[in-house]
Amino acid sequence: MADLSGDSKGMGKVFAVFGPLAFGLRYLLDRKWILAIVVISSVVSTLFRLLVPIYIGDAVTAIQKIQYSDVEYYSLLIFAVSSISGVVQFVVNYGSQYISQSYAYNLRKDVFSHLIRKKFSFFEEQTSGDLLSRSTMDIEASRNFILNTSSQLIPTLFLIIFAFVFLFTINPYFAGIFTIAVPILIYIGIVFQRKQRTHWRRIRTYYGQMNEQLQENIVGNRVVRGFSAEVQEMAKFSGTTGSYYDEYIIVARLRGKYNNLMPLVVSAAATGILLYGGYTDIIGATVVGPLVAAVNIFSLISFPVSFLGRLIVFSENARAGISRIQTVLDSDKDEDLELGEKKRVGGNLKFDHISFKREGFEILKDISFEVKAGEFVGLTGRTAAGKSTLVNLIPRFYDPVSGTISIGGTNVSKVSLALLRNSVAFVPQEINLISGTIRQNIAFGSSKGDLETIKWAARIARISDFIEALPDAYETMVGERGITLSGGQRQRVAIARALLTKPEILILDDATSSVDPETELEIFRGIRENLSGTTVITVTHRESALRFSDRVLSLNDGVLTEETPVQHIPVVPDKFRDEEGEADA
Amino acid sequence: MAYEYEQEEEKFIPMQKGSRAFGRLLKDIFSMRRESSILIGAVLTTAIAATLYPLSLAFAINSVISGNFEYLYIYATIFFLLYVVQFFSNRERTISSTVLAQSVIRSLRERAFENLQYVPVTFFGKVKTGYLISRITNDGETLSEFLTFQLPQVVSGVATVIVSISIMFYYDFNLTLYALIVIPALMGFTLSLQGKVRRNYLRTRRSIAAITGNLSENINAVRTIKSFNVEKNMEERFDGLNNTNFTANMKASLLSSLYGSSIRVIEAVGVAIVLIAGALQLKAGLASVGILVAFVVYVQEFFEPVVQLSQLYNSYQSSMVGVARIYGIIDFPRQSSTENATMPADFRDHIELRGVSFSYGEDDALRNINIKIRKGEKIGIVGHTGAGKTTLSNLIMKFYSPTEGEILLDGQNLRSISTGDYRKLIAPVLQEPFMFKGSVYDNVLFSNPGASREQIDALVKRFSLGEVFRNLPDGLKTNIGEMGRNLSEGQRQAISILRAFIRDPEILILDEPTSQIDPYSEKLIIDSLSDFLEDKTLILITHRFSMVALVDRIIVLNEGNVVEEGNFNDLLSSDGVFHHLYSIQYGNSDGF
């Protein structure tokens with residue numbers, strides 16, 4: 001990453017503009033040949049392009065000398081070299097697009113595979129809106145730079161080099177005048193680049209924030225409306241768009257100044273050549289052709305040079321984007337799904353002196369317990385006692401600070417995550433349905449996607465009646481996040497999804513909270529009957545669920561105790577306590 | 001197949017034609033009088049200066065040929081000064097065009113955001129979040145390049161062409177005609193490609209929107225994906241979209257690259273024609289060498305704007321598609337009831353649901369519901385999952401309007417009452433409490449920004465919620481993460497409760513407010529509630545019975561119908577749905 005910092009001394013500054021390119025090359029290793037072809041093509045194209053002013057100069061000389069047949073000859077030559085330059089330019093343009101799109105394709109793929117393998121803790125620090133902008137607009141910003149580097153920057157640099165060579169062949173003094181201009185151009189470029197750097201970083205951050213706020217506002221639209229907080233939300237969003245706007249304007253002011261200085265420097269050199277060349281031509285009474293050619297060369301490079309400033313803008317934008325993408329690409333929070341023993345684990349679950357801390361706060365203290373295969377265990381305890389944390393440790397969404405968890409005698413940290421999570425089905429509190437049909441949603445985690453098995457799982461989850469009553473039954477589309485289903489229905493689809501994998505261990509992390517107690521018990525009974533070998537751990541506060549369990553574990557202040565279901569006293573409204581007996585009767 | 005959703009979305013959110021959208025955009029731009037006049041002034045100055053410089057070059061060269069030092073110095077100085085003028089005019093142009101572009105983009109984004117606050121709730125069920133975000137952020141961004149660079153450049157290019165053609169005609173009529181021979185060919189060629197170009201750009205936009213949508217979904221569902229170990233499947237899906245996008249872009253690029261090359265060839269033809277024709281003119285003694293050189297420069301300069309124009313066309317297409325997509329959100333009709341609902345909300349006596357039915361599409365979720373709730377009354381709504389309890393609360397919250405029947409506030413139809421005003425009377429505790437990133441305090445204050453932290457602390461104490469938050473490292477100042485992910489569901493519910501209570505509302509709607517809170521904490525909350533609820537109207541939705549002590553009257557829903565109604569004792573002694581539900585929760589499970 002050092003090559004990206006751009007703060008290295010001396011020549012490093014000049015090449016800082018290429019910083020994002022060094023990053024880009026990593027994703028273009030398999031496109032080396034195309035890259036080479038594009039560079040060679042841009043050499044050829046610029047060479048032929050610069051021949052045009054030379055031949056124009058020659059034609060003018062011929063006209064001045066009244067050699068008209070030569071004029072026709074040079075006109076044909078101009079046509080020929082322009083055409084060649086044009087055709088070769090096609091390779092440059094198309095090739096550049098190919099390179100930049102390949103880069104974006106490969107980078108996106110890499111970002112996606114990193115993103116999806118990040119540990120849970122990564123997502124606790126990041127927001128999805130911001131991650132989305134990192135994986136879309138930030139990639140786009142760097143792609144744009146790669147495209148412009150290959151289609152504009154490289155040809156422009158060759159154009160400057162060849163312009164120098166051609167000027168030298170026309171008249172060494174012309175080249176001398178040009179030589180003064182180049183360092184000034186470079187200096188302007190460096191200052192420009194430095195001054196806008198921090199602003200681009202902020203622009204990209206505000207952009208991410210915009211995504212973030214949109215995401216929250218859209219997903220939380222009911223809360224916003226429910227509390228009529230619309231105006232408040234608009235003010236918040238407006239604050240971000242305002243900061244974004246301000247940064248853009250600062251960059252525009254810088255660009256207005258520095259970017260336009262560049263063609264001014266080029267024109268100063270052209271004026272110098274015009275004055276010097278004109279003067280010597282008059283003194284020597286020579287033909288004006290070479291002078292015309294020289295000035296024409298300048299008018300040819302003046303536009304690409306004015307574009308250099310924008311390339312610097314693109315480069316800074318890309319640099320800011322890449323440093324944000326890097327957060328996703330850094331693999332220290334990645335999980336390796338394949339590492340470890342490749343075996344399905346089953347049998348009894350054992351926690352051996354497990355402790356877990358978050359931000360220095362001890363959530364689980366030296367927890368030890370064992371659950372036999374096929375047992376149905378209720379886990380209860382006060383809100384925020386650490387119940388979710390405890391069950392999250394089983395499929396290794398988090399790793400304990402100390403102690404070991406083993407399933408069927410195998411330490412879970414020795415098993416590959418892919419297989420561990422195949423054996424352990426986890427239904428989380430927060431249910432995400434993907435957009436698609438109900439069938440696709442149930443079949444989500446399993447290759448056993450045949451309709452019969454899906455129906456079987458849906459039946460146990462007590463959602464089949466509901467689904468089958470829908471006009472499209474299992475082919476009914478559910479909206480993003482399953483918005484069209486009620487909370488309880490969504491939970492049951494998620495349970496069906498988990499059952500389909502026929503897991504060794506099923507963890508229900510308060511996964512039936514929106515299902516009424518009667519249906520909940522029916523689901524539990526169904527699991528009991530159909531998946532008798534499966535160990536079930538259900539996190540719940542519900543009396544009826546605890547009473548159904550074989551064993552009840554209670555977690556309080558990070559300490560686990562075993563309870564018997566009988567010890568639980570139903571919480572019945574005080575004022576009706578008298579009637580309790582009657583109700584039971 | 002690949003774009004099924006996209007097409008559906010485009011149908012759902014109608015899109016204006018590009019030209020329409022462009023017209024509207026121009027109106028927005030010109031409404032900023034000062035900036036737009038500076039921009040036009042700067043663009044025209046640049047164009048004129050740019051056209052005059054080949055002429056000063058021509059005169060300088062003619063003075064070299066004629067051996068006149070003085071004229072050489074004068075014209076060379078003018079040559080340079082014209083560039084200095086361009087420096088200043090371009091600087092103004094850069095700044096004013098950015099101000100215009102960014103102001104327009106900002107206002108588009110804010111207007112879209114604003115309208116999102118008022119579209120019907122059902123809107124969010126139809127449109128994917130990722131796509132919606134992409135419309136407001138990414139589509140806005142495509143406009144930036146177009147408005148900042150391309151549009152001013154083309155205006156300046158067109159001005160340059162017009163001024164230079166006038167100058168050319170002035171100096172040499174015949175040679176100008178020769179120089180213009182290629183222009184029709186150029187125009188015809190450019191126009192013939194437009195249709196294809198547009199289709200290509202639509203395809204690339206859709207494919208990138210599909211990528212954004214997919215990414216958004218995956219990021220949001222990442223926990224589920226991990227739980228089910230389907231990372232690989234998701235990668236394959238994404239790769240498919242990524243590939244489609246690549247192909248679409250390459251296809252679009254093929255056409256634009258071919259176009260660029262063809263332009264170069266046409267340009268060469270133009271220059272050659274001018275040279276040959278110029279030579280003939282010179283032979284006839286009709287032109288000077290300097291003018292001929294100027295003409296060659298002019299012909300070359302024609303092509304720059306034309307090439308830009310073609311790029312502009314691409315950019316115009318993609319930007320207008322983008323703008324039309326943002327306008328689609330801005331124009332989306334707001335929830336009908338917010339439009340002409342202006343009656344102030346004043347709750348004096350009762351809320352009544354009269355013959356209310358509601359359906360989300362096919363079947364009725366609620367059928368012919370008649371309930372009258374007096375001010376200060378506390379009612380409970382119970383029933384099985386899917387009985388329609390939450391739908392009922394959504395209707396009372398005015399998230400939806402009944403398909404049949406009406407809801408009346410003191411006899412006044414809810415449709416005609418100002419939604420904002422009405423919702424100020426109510427505080428809901430929704431089934432799925434949504435959390436914003438920020439601290440616990442921030443999240444509670446969200447519903448009542450005027451409240452103080454001390455008030456929150458007092459509420460926490462009053463409802464004994466301190467215990468629930470005891471594991472937070474920074475207490476109520478702890479950052480709870482996006483969507484409150486760093487909290488447990490129970491803690492989120494506690495925040496949701498605080499959020500409603502801090503508003504001290506007249507009507508409280510509690511939808512399973514304590515389903516994830518442990519019975520002990522729940523009991524503490526309930527104990528303090530009766531006091532808090534004094535004089536307040538309560539609508540409590542639950543299938544848990546721990547809270548029914550708070551209510552005066554219970555309404556039992558079953559499959560969208562009211563099946564039982566009465567107080568706790570009445571319902572328990574009758575052998576109905578309520579009795580059944582109760583005995584499952586508190587009876588003996590041996591019975592099953």
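## The model and its numbering

This is a predicted model, in which local features need pLDDT of at least 70 and side-chain atom pairs count only at pLDDT 80 or more, while totals for chains, interfaces and linings use all residues. Residues are numbered from 1 along each chain as its sequence is written, and chains are lettered from A and ligands numbered from 1 in the order in which they are written.

## Domains

Chain A is divided into domain 1 (2–108 + 125–333) and domain 2 (349–584), the bounds coming from an automatic or database domain assignment. The C-alpha centres of these two domains of chain A are 56 Å apart.

For chain B the assignment gives domain 1 (15–334) and domain 2 (350–591), and here the C-alpha centres of the two domains lie 55 Å apart.

## Where the chains meet

In the contact between the chains, 151 residues of chain B touch 153 residues of chain A, two residues being in contact if their C-beta atoms, placed from the backbone, lie within 7 Å. Helix α11 (residues 231–283) of chain B gives the most to the side of chain B that touches chain A, with 27 residues; helices here are DSSP runs of H or I with at least four residues, and strands are runs of E with at least two, numbered from the N terminus. By class, that side of chain B holds 73 nonpolar, 47 polar and 31 charged residues, where Ala, Val, Leu, Ile, Met, Phe, Trp, Tyr, Cys and Pro count as nonpolar, Asp, Glu, Lys and Arg as charged, and the others, Gly among them, as polar.

## Two helix pairs

One pair joins the two chains: helix α9 (residues 172–219) of chain A packs with helix α6 (residues 129–136) of chain B at an angle of about 135°, their axes 10 Å apart. Axes are lines fitted to C-alpha atoms, for helices over the stretch in contact, and angles run from 0 to 180 degrees between N-to-C directions. The helices α9(A) and α6(B) are therefore oblique to each other (angles under 35 degrees count as roughly parallel, over 145 as roughly antiparallel, 65 to 115 as roughly perpendicular and the rest as oblique). From α9(A), N211(A), L214(A), Q215(A), I218(A) and V219(A) meet T129(B), L132(B), I133(B) and I136(B) of α6(B), and the residues of this contact comprise six nonpolar, three polar and no charged.

Within chain B, the axes of helix α4 (residues 69–116) and helix α7 (residues 138–171) come within 9 Å and cross at roughly 155°, so α4(B) and α7(B) are roughly antiparallel to each other. The residues of the contact of α4(B) with α7(B) divide into eight nonpolar, five polar and two charged.

G19(A) is placed in helix α3 (residues 19–25) of chain A and counts as buried because 23 C-beta neighbours lie inside 10 Å; a residue is buried if 20 or more other C-beta atoms lie within 10 Å of its own, exposed if 12 or fewer, and partly exposed in between, with C-beta atoms placed from the backbone.

R462(A), in the loop between α16 (451–460) and α17 (464–469) of chain A, has a positive phi of about 55° although it is not a glycine, and R462(A) is buried, with 23 other C-beta atoms within 10 Å. In chain B, E512(B) lies in the loop between β7 (507–511) and α19 (519–532); its phi is near 50°, a positive value in a residue other than glycine, and E512(B) counts as buried because it has 24 C-beta neighbours inside 10 Å.
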